Structure formats: structure tokens, C-alpha cells
Amino acid sequence: MDDKSINLALQGGGAHGAFTWGVLDRLLDEHWLDIAAVSGASAGALNGAALKAGLGAHSGRAGREAARRNLDALWTQVGEMSDNRVIRWMQSLMPMPRGVQRWTQMVSPAAWLDNLTRIFSPYDYGPLYNNPLGPLLRELPYPDFACPNGPALFIAATNVRTGRVRVFTGQHATPDAVMASACLPTLFQAVEIPDPETGQIEAYWDGGYAANPALFPMYGARYPRDLLIVALNPLMRDVLPRTPVEIADRVNEISFNSSLMGQLRAVNFVKRLFAEGRVESSGMKNVLVHLIDDDALMNDLTARTKLMPGPGMLATMKTAGQVAADRFLTDHADKLNVSDSFDLSQLFPAVSFD
């Protein structure tokens, strides 16, 4: 296989991001495949930062192994937090009678945590509050997300004051930026980071609200045309949600897909202009779109499983990601740097307003 270069767009989805872990693990096997840039939001930012720091730490095969080691360490720690630290952390902040503790052990941890977030705010914890992602990110084998080597990294977070996306890159791609991108406001206090232009301290929430992930930073001429999206939220659900939980889950999926769909609609519009010969190639970039997903798997899961799955669940998601990436490479590797492998017209049929 000839050497090829791509950009990665990694969607957020909480612990479902272990699917992306598997995708990246499989892609790292292909030494002909160069990753020029990676953009992520929420769990996608966690994966993207771990990948970039590993690839930037060493060159060639050593860099790929460093990236794999970083990703393995990241998700191993997430699994341990899901089983132990997060539960103990929540219980220490909100002591419960022994009978209630026994009851919580009989139901899904994600279920009771979800219910607690409807009653308690992260700001209720006072000086006991601690974001467990901070130590996790800083203790990775390769924690330098701003290193000058490796792929460009773009981390999306949502500015709480303005509601707009901020993309952290270069020297600003810090652990705090990744924490901001993964800051669900019902679980974590907003992450405060100075704005380099104004000096004002700004608060940030999960990047998935404003860009899940941000595609536009990779439209620059320095990056390849190919955009490989790793999707975690199902685009389609054929079964009508009827129960309160099913309805809430679908609302969650639609909300966290909306920013990506908006960006893809713009990409599709530009591609139509190119197809109709209505733009000069020097003025715009005709992006080649590729997609790795597993809607069948994601349709079997719920928004609650994004919160606190155990190691077994994470391992299952990783394996599913490896299988999905392998299927993509088998079916579409020859299309990279040549043509689209995902037809956006499936999502956005042409509409005439004449």
C-alpha cells in the first residue's frame, strides 16, 4: 500500500469513546497511514490528546507504540475510575445510609449517578470537589499534548459565557483544555482557562455542545483532503422512542450530533459546488469524507452507559472499534487520498428551491 495521509475527527460520547480507542489501536497497525491532524471533543479529545502525545514522543514504529501505550493507560484508568474511584468519590461527597448504599449496589451505577445529578450540582461539593480527569491526564506515560512533533491537535470546548466553540491547539492544548472539552456540567465544575487575546478568565463546558468535533481547523491547505470521522452517536434510529428513558436518550444523541451534522451539511454544499463546476479549486477545499461507526452497537446502548461502564464494557467497545476499523480498511483503504468512501448525499439529499 502506498503511503497515505489523513485527518481524524473524533466524536465525543463519554465512555463509548472506548470504541474510538479500538479504532485508533487498529489504525496504528498500518505503517503506510500517516495521521496529519486530529480534532476531538469530549471523549474524542481524550483519545486525540493521548494519540498525539504518543506519536509526538517518538518517530516511526516507536511513536505508534507510544500512542498505543498512552491510549491503553487512559482507558485502563477510566475503567478503574468507573468501578471504584468515581463511586467512592460520589459517596464521600454525599454520605448515604447503609441501606441506601446496598440499594445502589443492586442497580446500575450510571442510573443512580444520573439521578443524583438532577438533584446535586458539582458546585455543592465545596472544597471537597476534585475533577478526577486531571490526575489521570497528567499521569499518562506521555502527557505532553502540546509537543511540537506528531499530528496537529485540535481540542474543542464550549465557552459557557458566549456559547461558542473555542479550539485549543499548539501550546494551548494542555490537560486543562482536554478537561474543559470533557466537562459535562452536571458532573464537573466548569474548567476556567485564560483567553490569550483578552486575558479574561473564561469558563468552559463539554466541547460536544458546540462542535462534536470541530472539522473546520483541518480545512487548511497544509492538511490532506481526507477527513476520517469516528462517530459514536447513532445518526439513525429506526425504532420510535416511547419510554421516558428512550426519549431522553434520543434527545441526547440528536443534540450531540447537531453540530457535526451542521458542519457536514456545509461540506456537502461545497462538494456539490465542485461537482457542478461552480467554484475554483484554489478557493475552497474539496474534502474527501470517510466514516467509521457501528450504529448497530450504539443502538443497543443508551446515554446512561456513557457515564460509568466497567472494564468489561470498555473492552467490548474497544474490540468493536478494532473490528469496525478493520472493516473500513478492507473496504475503503484504496479510496483514501483518491475519493470519498462515505456519500454525504445519503444524509443531505439535494433540494431544489426553484
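Analyst: Let me begin with a definition: a helix axis here is a line fitted to C-alpha atoms over the stretch in contact, and the angle between two axes runs from 0 to 180 degrees between N-to-C directions. Please keep in mind that this is a predicted model. In it, helix α1 (residues 18–27) packs against helix α10 (residues 311–332) at an angle of about 45 degrees, and their axes are 6 Å apart.

User: Why are α1 and α10 called oblique to each other?

Analyst: Angles under 35 degrees count as roughly parallel, and 65 to 115 as roughly perpendicular. The angle for α1 and α10 is about 45 degrees, so the two helices are oblique to each other. Their crossing is right-handed.

User: Which residues make that contact?

Analyst: From α1 come A18, F19, W21, G22, V23, D25, R26 and L27. The α10 side includes L314, M317, K318, A320 and L329. The residues of this contact divide into 11 nonpolar, 3 polar and 4 charged.

User: What does the protein chain look like as a whole, in helices and strands?

Analyst: The protein chain has 10 helices and 8 strands. It has 354 residues, and 53% of them count as buried. Looking at contacts between residues at least 6 apart in sequence, 78% join residues at least 24 apart.

User: What makes L136 count as buried?

Analyst: The cut-off for buried is under 20% relative accessible area. L136 has 5% relative accessibility, so it counts as buried. This leucine is part of helix α6 (residues 133–138). Beyond its neighbours within four places in sequence, L136 is in contact with L74, Q77, V78 and M81. L74 is 62 residues away along the chain, yet the C-alpha atoms of L136 and L74 are separated by 7.2 Å.

User: How do you know whether L153 is buried or exposed?

Analyst: By the same cut-off, under 20% for buried. L153 comes out at 4% relative accessibility and therefore counts as buried. You will find L153 in strand β3 (residues 152–159). Leaving out residues up to four places away in sequence, L153 touches V38, G48, A49, K52, F145, F168, T169, G170 and A173. L153 and G40 are 113 residues apart in sequence but 8.1 Å apart in space, C-alpha to C-alpha.

User: And what makes D238 count as exposed?

Analyst: Exposed means over 50%. D238 has 84% relative accessibility, so it counts as exposed. D238 sits in the loop between β7 and α8 (244–275). Its C-alpha is 9.4 Å from that of N299, a residue 61 places away in sequence.

User: Which residues does Q263 touch?

Analyst: Setting aside residues up to four places away in sequence, Q263 touches A211, N212, P213, A214, L215, F216 and Y219. Q263 belongs to helix α8. At 14% relative accessibility, Q263 counts as buried, since the cut-off is under 20%.

User: Why is the peptide bond from N212 to P213 worth a look?

Analyst: Most peptide bonds are trans. The bond from N212 to P213 is cis, with omega near -5 degrees. P213 lies in the loop between β6 (201–205) and β7 (226–230).

User: What is the phi of S42, and of N337?

Analyst: As background, most residues other than glycine have a negative phi. S42 has a positive phi of about 60 degrees although it is not a glycine. For N337, phi is near 65 degrees, again a positive value in a residue other than glycine. S42 is in the loop between β2 (33–41) and α2 (43–57), while N337 lies in the segment after α10.

User: Why is N337 called partly exposed?

Analyst: Partly exposed falls between the buried cut-off of under 20% and the exposed cut-off of over 50%. N337 has 35% relative accessibility, so it counts as partly exposed. S42 has a relative accessible area of 8% and is therefore buried.

User: How many disulfides are there?

Analyst: A search of the whole structure finds 0 disulfides. A disulfide would need a pair of cysteine sulfur atoms within 2.5 Å. As for individual cysteines, C147 counts as buried at 10% relative accessibility, and C183 is buried with a relative accessible area of 0%.

Conventions. Residues are numbered from 1 along each chain as its sequence is written. This is a predicted model: local features need pLDDT of at least 70, side-chain atom pairs count only at pLDDT 80 or more; totals for chains, interfaces and linings use all residues. Side-chain values use heavy atoms; hydrogens and water are left out. Helices (H or I, at least four residues) and strands (E, at least two) are DSSP runs, numbered from the N terminus. Angles under 35 degrees count as roughly parallel, over 145 as roughly antiparallel, 65 to 115 as roughly perpendicular and the rest as oblique. A crossing is left-handed if the near helix is turned anticlockwise from the far one by less than a right angle, and right-handed if clockwise. Contact means heavy atoms within 4.5 Å. Ala, Val, Leu, Ile, Met, Phe, Trp, Tyr, Cys and Pro count as nonpolar, Asp, Glu, Lys and Arg as charged, and the others, Gly among them, as polar. Buried means under 20% relative accessible area, exposed over 50%, partly exposed in between (1.4 Å probe, protein chains only).
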